[in-house]
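Please examine the sequence and the structure shown below. The paragraphs that follow lead through the chain from its overall make-up to particular residues.

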Amino acid sequence: MTIHPDTTDSFPASSEEWRMFVAQSRKTHHDLLERIKELNCLYGISRLAQNREQPLGELLTGIADLIRTSWQYPDIACASIRLGDTCHNSGNFVRTRWCQSSPIIIEADECGTVEVCYLEERPGSDEGPFLREERSLIDAVADQIGRIVAQRRAEEQMRALSQELIMAQENERQRIARELHDHLAQDLSLARADLERIGCGLPEGGPWRAQTGVIAERIGTAIRSIRDLAYGLLPPGLTELGLVETVLAHCEDFSLRHGIAVDVFADGLGGVAFDFDTQINIYRLIQEALNNVRKHAKASRVTIRLLGSYPNLLVRIEDDGCGADMDRCLSQAGRTKRMGLWSMRERVKLLGGKISFRSKPGQGLHIRIETPLNRSSNEHA
């Protein structure tokens with residue numbers, strides 16, 4: 001005996017029921033495709049926002065182009081994002097009477113609007129020609145944009161505060177360095193000279209004359225320590241000798257002190273006019289990189305290259321040390337005591353440049369810095 005499965009629960013029994021089944025299936029398929037577009041829209045916005053280097057205006061224009069493709073009739077849809085007094089539109093944007101909008105709220109204030117318009121009339125739906133789900137989508141998009149803008153503004157404020165902190169730190173270093181060099185070291189030098197003159201007037205071979213000699217030597221050691229400290233705070237000759245010569249002098253001193261060979265190469269910098277802020281920040285970047293080598297790298301050699309490649313200055317610093325997991329180091333730089341990497345990144349941002357770190361355990365560290373370069377007007381004279 002053959003048993004045939006009962007299919008009455010699986011397929012419609014009549015042609016009318018079949019047509020209803022097909023129609024319902026098509027609607028379900030259509031609805032699923034619409035939900036996929038909505039999810040792609042929200043995911044696409046998140047993906048665009050991950051590019052921190054992209055200006056906010058370009059990001060919002062990209063989001064507007066993405067939005068218009070996510071509505072029910074993408075061929076005739078256009079979108080606009082207004083933030084303050086500025087509008088960021090999709091390429092085909094025209095404001096029409098078939099419009100759906102949602103406010104952008106940032107910290108309880110309405111700062112802008114997201115609009116989606118149809119360029120042609122379409123059949124009525126839940127909200128004019130728009131679906132109920134599209135109302136939920138545009139509200140979600142507006143909320144997402146508000147969060148992105150708020151985060152960007154917070155990051156800009158943090159960056160501005162970081163730059164102000166670095167400049168305040170640099171100004172304070174310069175003030176302390178000048179105070180140490182021009183006043184304290186000079187006063188101690190005069191005191192030492194007076195003490196030596198007093199010693200010369202005492203009986204030769206007497207205990208007091210020997211004692212004045214010992215004190216004068218101690219004062220001389222203190223003077224050298226103060227001048228070394230002032231040198232670290234504000235390298236002498238930076239404005240007189242220039243960046244390259246000052247870097248060379250620092251690297252020679254670093255090698256003598258710590259037994260790590262440092263090779264310095266400079267090319268393409270003839271006729272380059274550095275302002276003081278650029279010089280001191282590039283010097284500090286190299287100084288901090290060498291400090292990191294001394295503290296962490298266990299390296300025997302460092303190579304520094306300064307290359308003028310108009311319109312940029314390239315600085316490359318490489319060591320043959322133990323290397324590191326840079327993703328972990330950079331992610332922890334702002335939360336731990338390893339502030340060197342953080343300060344280097346902030347200094348490069350202050351110069352309007354870019355910095356990258358490349359390293360693997362056992363393969364040393366490679367730092368690449370690229371900053372805008374100004375050339376003097378007499379370069380080609």
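Helices (H or I, at least four residues) and strands (E, at least two) are DSSP runs, numbered from the N terminus. By this rule, His366 belongs to strand E9. The model is predicted, so local features need a pLDDT of at least 70 and side-chain atom pairs count only at pLDDT 80 or more, while totals for chains, interfaces and linings use all residues. Residues are numbered from 1 along each chain as its sequence is written, and side-chain values use heavy atoms, with hydrogens and water left out.

The chain contains 9 helices and 9 strands. Its mean pLDDT, the predictor's confidence in each residue on a scale from 0 to 100, is 83, and 88% of the residues reach 70 or more. Over residues 376–381 the pLDDT stays under 50. For that stretch the model has 5 contacts (heavy atoms within 4.5 Å) beyond four places in sequence. Among contacts in the chain between residues at least 6 apart in sequence, 65% join residues at least 24 apart. Of the 381 residues, 36% are buried; buried means under 20% relative accessible area, exposed means over 50%, and partly exposed lies in between (1.4 Å probe, protein chains only).

Two strands are taken to pair if DSSP finds at least two bridges between them. Here 4 strands follow the order E2-E1-E4-E3, with antiparallel pairing. Strand E2 (86–89) and strand E3 (99–106) stand at the edges and have a single partner strand each, so one side of each is left without a neighbour in the sheet. From one strand to the next, the twist averages 20°; for such angles, axes are lines fitted to C-alpha atoms, for helices over the stretch in contact, and the angles run from 0 to 180 degrees between N-to-C directions.

Within this sheet, strand E1 (residues 77–83) and strand E4 (residues 109–118) pair in the antiparallel sense over 7 bridges. Ile81 stands opposite Val114 in E4, and Ser80 has Glu115 of E4 as its bridge partner. E4 is also joined to E3, by 8 antiparallel bridges, with Cys99 opposite Cys117 in E4. Of the 10 residues of E4, 8 are buried. The hairpin of E3 and E4 has 2 residues between the strands, and in it Glu107 takes a positive phi near 55°. Ala108, in the loop between E3 and E4, has a positive phi of about 70° although it is not a glycine. Most residues other than glycine have a negative phi, and most peptide bonds are trans. Ala108 counts as exposed because its relative accessible area is 72%.

In the loop between H2 and E1 is Ser70, which counts as buried because its relative accessibility is 4%. A polar atom of the Ser70 side chain lies 3.2 Å from the backbone oxygen of Leu66. Leaving out residues up to four places away in sequence, Ser70 touches Lys37, Cys41 and Leu137.

The largest nonpolar core has 39 residues. A nonpolar core is a set of buried Ala, Val, Leu, Ile, Met, Phe, Trp, Tyr and Cys residues joined through side-chain atoms within 4.5 Å. Ile282, Ile286 and Ile304 touch the most other members of this core. Elements that each supply at least two of its residues include helix H6 (243–258), strand E6 (301–309) and strand E7 (312–319), and H7 gives the most, with 9 residues. Apart from neighbours within four places in sequence, Ile286 contacts Val247, Ile304, Leu306, Val315 and Ile317. A second, separate core of 29 residues includes Ala77, Val116, Phe130 and Val141.

Some further residues complete the picture. The peptide bond from Tyr310 to Pro311 is cis, with omega near 15°, and Pro311 is in the loop between E6 and E7. His366 is partly exposed, at 23% relative accessible area. Asp319 is 47 residues from His366 in sequence, yet their C-alpha atoms are 6.9 Å apart.

Conventions:
A polar contact is a pair of N or O atoms within 3.5 Å; within protein, one must be able to donate a hydrogen and the other to accept it, and residues adjacent in sequence count only if both atoms are side-chain atoms.
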